[in-house]
Amino acid sequence: MTFASESPIRRALYRALHDPLTGLANRGLLMDRLGQALARTRRRPGCVAVLFLDLDRFKVVNDSLGHAAGDDLLVEVANRLEAATGPADTVARLGGDEFVVLAEDVAGADGALALARRLRRAVSAPMPVAGGQTVVMTASIGIALSEPGLDIGEGNPSSLLWDADAAMYRAKDCGRDRAHLFEDGLRAGSVSRFRSEAMLRHALDHDGLRLHYQPLVDLRSGALCGAEALVRLEHPDRGLVPPAEFIPVAEETGLIVPLGAWVVAEAAAQAAAWRSLQPAGVPPMTVSINISGRQLNTAGFAVEVGAAIARSGADASHLCFEITENALVDAGGTGVSTLEGLKSLGVGLAIDDFGTGHSSLTWLRRLPADFLKIDRQFVAGLPAHPGDTAIVRAVLDLGRNLGLTTVAEGVETPEQLAALRDLGCDWAQGFLLARPGPAESVTALLENGTRW
């Protein structure tokens, strides 16, 4: 990648239009060229293709090897994309691990898909990085076309890029390492994602988040033994927004990091407040907090958690961090070291949704876990379904043999509760016992000495 000219004015212009790391076109130059390409199709027949490329799990590699190695990898990807495209094509970097290829006079969908295959092959070839290591990357690609007869937002360059972005997310949803052509139905999802992101940013900046807590019950004594912290977003017009509407967007955008920091601070403070209400000699309430693979891969996450606990005045042993097996897979080795850092603080660790992810027994062997949460899909079959009963019994036996506290999720019927007690499950949660609610509702149960 050569620097443009020795002229100060031209150097400044070059810097304004190119990505400083890779030398590729930046968003401004890309949009200018895309606008010109679309204008040319109005004068003569032709098809413009926009291919939106996102590296799969780049953050895991970046955090594992360091940012310098991550930058080297991005430069190598940029070089490979340029080598895989034609001289008339534009390769741009929008930031992070997002790249865009603009190709003119493409032979429709078949031509665009063929180009996507070349780009994926170029990216997936092994890449040497610092330290003599080799990294294999994959890419998810979304494709939008200006071909006549397809809806491309009336030829608007931003709409075409937006459509390619939406198709890229569909490629990721379908399993990553693939290309997906834009379809009309994806635009609504893309707009919805944008609105959800804006809503979440506003909530983070304007005190629009709330924590609800779902009680945990000790099945041996029937006493309240803890509560799981569940984040909610309070919209000025819609009221409480369910997490399914904004948590996936938080994961995609990285907003899960500030969101998670807020949850940890609030939940730790609440744990301290509940402990102050309990008489001496009574087992403390355990407050459970869900964390994601992206949080585990955030540098200094365990240190930040420790600082939040210290500020709250809570005892670290009264907190438990829950992580799913799938999130552990996404986090890789960095996630395990972060969990070990959390464990050193004195907090509890729980494997959530046990049995539904990857390599369950492997994670049990590797992690310093304290709790094993049985997924609701197995609890739902109790006691009528012999298969589910056998699975739950096996998980409970495994937990006991490993010295873990077992927790059943999704208890909704008296029959399920009775079966879990008979099988020897330690704790349970679910709508039959109590629905999630504000902290005050759990405080009332605590003060009343409610038993189940």
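Which residue in β3 is the bridge partner of Ala 92? The bridge partner of Ala 92 in β3 is Val 100.

## Basis of the description

This is a predicted model, in which local features need pLDDT of at least 70 and side-chain atom pairs count only at pLDDT 80 or more, while totals for chains, interfaces and linings use all residues. Residues are numbered from 1 along each chain as its sequence is written, and side-chain values use heavy atoms, with hydrogens and water left out.

Strands are DSSP runs of E with at least two residues, and helices are runs of H or I with at least four, numbered from the N terminus. Two strands pair if DSSP finds at least two bridges between them. Strand β2 (residues 90-95) pairs with β3 (residues 98-103) in the antiparallel sense over 5 bridges. Their hairpin has 2 residues between the strands, and Gly 96 takes a positive phi near 55 degrees there.

β1 (residues 49-55) pairs with β3 in the antiparallel sense over 6 bridges, with Ala 49 opposite Ala 103. Antiparallel β1 and β6 (residues 139-145) are joined by 7 bridges, and Leu 55 has Ala 139 as its bridge partner in β6. Of the 7 residues of β1, 7 are buried (under 20% relative accessible area with a 1.4 Å probe, protein chains only; exposed is over 50%, and partly exposed lies in between). Ala 49, Leu 51, Leu 53 and Leu 55 cover one side of β1, and Val 50, Phe 52 and Asp 54 the other.

## Arg 93 in β2

In β2, 5 of the 6 residues are buried. Arg 93 counts as buried because its relative accessibility is 11%. Its side chain reaches the backbone oxygen of Gly 96 at 3.0 Å.

## Nonpolar cores

A nonpolar core is a set of buried Ala, Val, Leu, Ile, Met, Phe, Trp, Tyr and Cys residues joined through side-chain atoms within 4.5 Å. The largest has 74 residues, and those touching the most other members include Tyr 213, Trp 274 and Leu 319. Helix α9 (residues 256-277) gives the largest share of this core, 9 residues. Apart from it lies another core of 33 residues, among them Ala 49, Phe 58, Met 127 and Ile 141.

Leaving aside neighbours within four places in sequence, Leu 319 is in contact with residues including Ala 267, Val 287 and Gly 348.

Notes: A polar contact is a pair of N or O atoms within 3.5 Å; within protein, one must be able to donate a hydrogen and the other to accept it, and residues adjacent in sequence count only if both atoms are side-chain atoms. Contact means heavy atoms within 4.5 Å.
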